[in-house]
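Look over the sequence and the model, then try each task before you read on.

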Amino acid sequence: MQIRKKVAITYVALSGLSTLLLCVVMVFLFRNNNQYYFLKRLQDRAKIVSSIHYQQDPKKAEYYRNLKASGLEELIDEGDWVLPVNGSNSFEYNTELKLPPEFYTEVLSNGSSWTEDDSQYHYAQLFNENGKKYIVVITARDRRGNTSTLYIIRIMAIGGIGFLILAYFLGRLLANKVMNPISKINSEMKRISASNLHNRLDQPQGDDEIAVLSHTFNDMLDRLETSFEIQANFINNASHELKTPITTIMAETEIILQSKREPEEYQEALAHINAQATKLGNLTESLLKLTRTGYDGNKQVLDVVRMDELLMDVKSDLDKLYPENNISLRLEEMPENDELLLVPCNRPLLELALSNIISNAVKYSDNSVVFVELMADRKRLSVRITDIGIGIPKEDFPYLYEPFFRGRKASKYTGYGLGLPLAFKIIRMHNGELDIQSEQEKGTMATITFRRHDIKDSNVKS
Amino acid sequence: MKNILIPTVLEPDTLSAVTSAISYSNGEDFQIVLLLLNEVEPSYSAAAFLRNAKPTLTSVQQKTLEQCADKIREAQHVSLHVQRQASISAPLVRNLMQALEIGLIIVPKSFRESSKKINRYCLGLLSNCQCPILNLCETPASEMQKALYLEYTGSKLQVSDLQRHLDGKFPFRIVSQAKISPAEEQSLRQLLAETITRNDIDLLVETRKPAKVKLGKKPVSFHDELKLPVLSVYEAIS
């Protein structure tokens, strides 16, 4: 059954149940109220009958009789009896009255009692006048009370049915109102397939459940897209990224093998090679993990690194790869608290991303000066990489993060068009932002920003 | 430098607790307080209690105490204070911590595993104090340099805040961080073990929040298997 129908039916059932309950309570109270006032009238009559009975003066007795006959509203099938009480448990019984013995026992013990049988009421009260006790019994039929109760029940039954019909339409309206945003999300989700994973759901305003649902779907699509792309490009990425440490190892060995050297020099070279090989191992493992899990942040144990140290490591690696580079690491705007430089991250991957962006700056500016600035405060941590290279033409901007895309100007430099897309994805995985501003023939400025709140949650939402 | 409290049952591992306490000396004078707890036997009068309440130590305990005293005597700037308590309560612990100026609590494994009710209750009360607690494991604590931060779900302390909170008090640096949620403790175990080996981690850091002291069976903490000392830092409920 559709949720829409379920909501409507549940709404109708709940409203019907509560209305029925209300009707029952109202009928019950109405009936009780009727009964109470009818008994009051019988009680008045009993008192008058008692007054007539013990009155010695015939004129006064006549006056009371008149009062009873014309002063009070007439009752249907009205009758009255006076039964003198002889002893504590005996009285003069009247055979016209067909009342159970328990009724009289109750009258004698409590002073009054009443009983009802098919809207015929019997009210009895015990009176004590000049030491003589007698029971006054009044009977009458409450036909009007019965009729009005039936009338009320009829109104409520008709009203209830009308209300149920109204509730059905209101329920459908409510169900439509609740389900429409979900149907909308559903139809939007249907148009997203493996070929257009870059599409996203419209993010509604506010922070209600639907907005959270859309946000979660968009987050999931982010992860899926990253995972798909990384899996599709794993071999390319791996061969591209593994090339750098291998080139460093080869350069190191070539230099050391050129001539005979002192044992210390061999030791130093071997230590360098070992460090590069370790990095290679870590990188392979990280890339494999990335491919296997699509970076499932919840199952990651993150490294906590100082960004300045990471940048220095990247620079020292690039110094070996591009000995003529002109990278200037500027750490002037450092915070007083070193802790603000800490970033929980996957170290090999973030190092790879920074290395890719900085080496691009070095490569496309023909070894002219590249400024790497680090800024950190309580709210964010940013790395800005500025070069005065060839810049990026405006028409190339939309394709910057597409794998294998090579700009018109960039084609004369060696490369595969994989470094920047991978760096972008890695930064996005760490909930960072990569912003690239560039002007042709003037230079490029790439800014990586990690917001502090995002740094904390990088392993939750990535 | 504030003083260091070591609640103990005087098992041999108290010695390694004292050793790691001494390693925190950085040229300033401080005191190592050994806290010995004895349960009170029911007694019909105060005098009878005082007559009978002579806490006796076994020969092994006496030997451990002497070894601790010797070790502290050898070290500079450190003095020993043995605090015996026959009962314990929350205000008593609070006042004791204040009077003895305690800045760090080091809990040996033997005390943590003690089955005596008073020891377990004391441990519960201590964990509600704002003082950091270093829970030692079987192996003597080596020099602690690199730490792994176990961030539990619900914790609001960011790694940078934690590092700032600890800076100056402890020599280690947090090099890794793992988000722990109850559902994924098991699957994280292998990943944590890998990280510990790869990054040479010698200390775990976690945060704790004040909780009602319960004397029921203590649940086995998932990081007991990692066999590393755990520094537990108090995180106030915000």
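A residue is buried if 20 or more other C-beta atoms lie within 10 Å of its own, exposed if 12 or fewer, and partly exposed in between, with C-beta atoms placed from the backbone. This is a predicted model: local features need pLDDT of at least 70, side-chain atom pairs count only at pLDDT 80 or more, and totals for chains, interfaces and linings use all residues. Residues are numbered from 1 along each chain as its sequence is written, and chains are lettered from A and ligands numbered from 1 in the order in which they are written.

**Exercise 1. Describe chain B in outline.**

Start with burial. Of the 238 residues of chain B, 30% count as buried. Next, take the secondary structure. Helices (H or I, at least four residues) and strands (E, at least two) are DSSP runs, numbered from the N terminus. Chain B has eight helices and nine strands.

**Exercise 2. Find the centre of the largest nonpolar core.**

A nonpolar core is a set of buried Ala, Val, Leu, Ile, Met, Phe, Trp, Tyr and Cys residues joined through C-beta atoms within 7 Å. The largest one has 93 residues, and A:Ile358, B:Ile4, B:Ile6, B:Ile106 and B:Ala147 touch the most other members. Helix 9 (residues 347-363) of chain A gives this core its largest share, nine residues. Then examine B:Ile6. Two residues are in contact if their C-beta atoms, placed from the backbone, lie within 7 Å. Beyond four places in sequence, the contacts of B:Ile6 include B:Val18, B:Leu34 and B:Ile106.

**Exercise 3. Which parts of chain B touch chain A?**

Count the residues: 18 of chain B are in contact with 14 of chain A. Helix 7 (159-166), strand 7 (173-180) and helix 8 (185-198) of chain B each supply at least two residues of the chain B side. Strand 7 of chain B makes the largest share, six residues. Then check the pairing across the chains. Strand 5 (residues 301-306) of chain A and strand 7 of chain B run antiparallel and are joined by three bridges. A:Asp303 has B:Ser176 as its bridge partner.

**Exercise 4. Which residues of helix 7 of chain B are buried, and what covers them?**

The buried residues are B:Val159, B:Ser160, B:Leu162 and B:Gln163.

**Exercise 5. Is A:Lys379 buried or exposed?**

A:Lys379 has 10 C-beta neighbours inside 10 Å, so it counts as exposed. Its place is the loop between strand 8 (370-376) and strand 9 (380-387) of chain A. Not counting residues up to four places away in sequence, A:Lys379 touches A:Arg451 and A:Arg452.

Terms used
Two strands pair if DSSP finds at least two bridges between them.
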